[in-house]
Amino acid sequence: MSQKKTMSSPTYEQFPMQINVKIYRPSVKGPILADASVNLNGCFAVPSLRGVQVKEGRNGPFVSMPSRQVRGEYRDICFPCTPEFKQTFDQAVLDAYRMELNQALSQRQEEGLEQSDPSMDGMSM
């Protein structure tokens, strides 16, 4: 009698996922709103160069994964494996984008106020 060995995937302990996102070139207009680099648990990185992007869609911003063209169509080359993690991943990237965008807009407003404030020019009325 022969026995067949069943090959199974190794199982790994799952830790709570820490997703660190860095946003580059945040914008409010255009097809590409921002580039992002993403680090998962300090163990896996998706760099911003040809990586994750925030793009403008019909229903607002969405997260685009790294892709390449295969036979005339684009296919993601890395992606979340479950719908739950995709939602978590996308939300982390979109939250970081909105936070970076708000910070950039606040800085512009502060710079505009400082330039128009007469007390900043050394002139007092």
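## Briefing on the predicted model

C78 is partly exposed, with a relative accessible area of 22%. This residue belongs to a predicted model, in which the number of disulfides is 0. The chain has a mean pLDDT of 83, and 78% of its residues reach 70 or more. The points below cover the cysteines, the nonpolar core, the paired strands, selected residues, backbone angles and confidence.

**Cysteines**

- The cysteine sulfur closest to that of C78 belongs to C81, and the two lie 9.9 Å apart, which is too far for a bond.
- C78 counts as partly exposed because its relative accessible area is 22%, whereas C43 is exposed at 69%.

**Nonpolar core**

- The largest nonpolar core has 18 residues, and the members that touch the most others are V38, V52, V54, V63, F89, V93 and Y97.
- Two or more residues of this core come from each of strand 1 (19-24), strand 2 (32-40), strand 4 (52-57) and helix 1 (83-116).
- Helix 1 supplies the largest share of the core, with 6 residues.
- In soluble globular proteins, nonpolar side chains tend to be buried together.
- Beyond residues up to four places away in sequence, V54 touches P31, I32, L33, A34, P61, F62, V93, L94 and Y97.

**Strands 4 and 5**

- Strand 4 and strand 5 are antiparallel partners, paired over 5 bridges.
- S64 is a residue of strand 5 (residues 60-64), and its relative accessible area of 14% makes it buried.
- Apart from neighbours within four places in sequence, the contacts of S64 are G51, V52, Q53 and K55.
- E56 belongs to strand 4 and is partly exposed, at 40% relative accessibility.
- Although E56 and P31 are 25 residues apart in sequence, their C-alpha atoms are 5.2 Å apart in space.
- P31 is also one of the contacts of E56 beyond four places in sequence; the others are G30, L33, P61 and F62.

**Strands 6 and 7**

- Strand 6 (residues 67-70) and strand 7 (residues 73-76) run antiparallel and are joined by 4 bridges.
- R68 faces R75 of strand 7 across this pairing.
- The hairpin of these two strands has 2 residues between them, and R71 takes a positive phi near 50° there.

- S37 lies in strand 2 and is buried, since its relative accessible area is 17%, under the 20% limit.
- Setting aside residues up to four places away in sequence, S37 touches N20, V21, K22, Y24, V46, P47 and S48.
- Most residues other than glycine have a negative phi.
- R25, in the loop between strand 1 and strand 2, has a positive phi near 55°.
- The relative accessible area of R25 is 60%, so this residue is exposed.
- N41 also has a positive phi, near 55°, and is found in the loop between strand 2 and strand 3 (44-46).
- N41 is partly exposed because its relative accessibility is 26%, which falls between the 20% and 50% limits.

**Confidence**

- Where in the chain is confidence lowest, and where is it highest? Helix 1 has the lowest confidence, at a mean of 87, and strand 5 the highest, at 95.
- The pLDDT is below 50 over residues 119-125, and this stretch has 3 contacts in the model beyond near neighbours in sequence.
- Where pLDDT is low, the predicted coordinates should not be read in detail.

Notes:
Residues numbered from 1 in each chain as written. Predicted model: local features only at pLDDT ≥ 70, side-chain atom pairs only at ≥ 80, totals over all residues. Heavy atoms only, no water. Core = buried A, V, L, I, M, F, W, Y, C linked by side-chain atoms within 4.5 Å. Buried < 20%, exposed > 50% of the residue type's maximum accessible area, 1.4 Å probe, protein only. Contact = heavy atoms within 4.5 Å. Pairing = 2+ DSSP bridges. Disulfide = S-S within 2.5 Å. pLDDT = per-residue confidence, 0-100.
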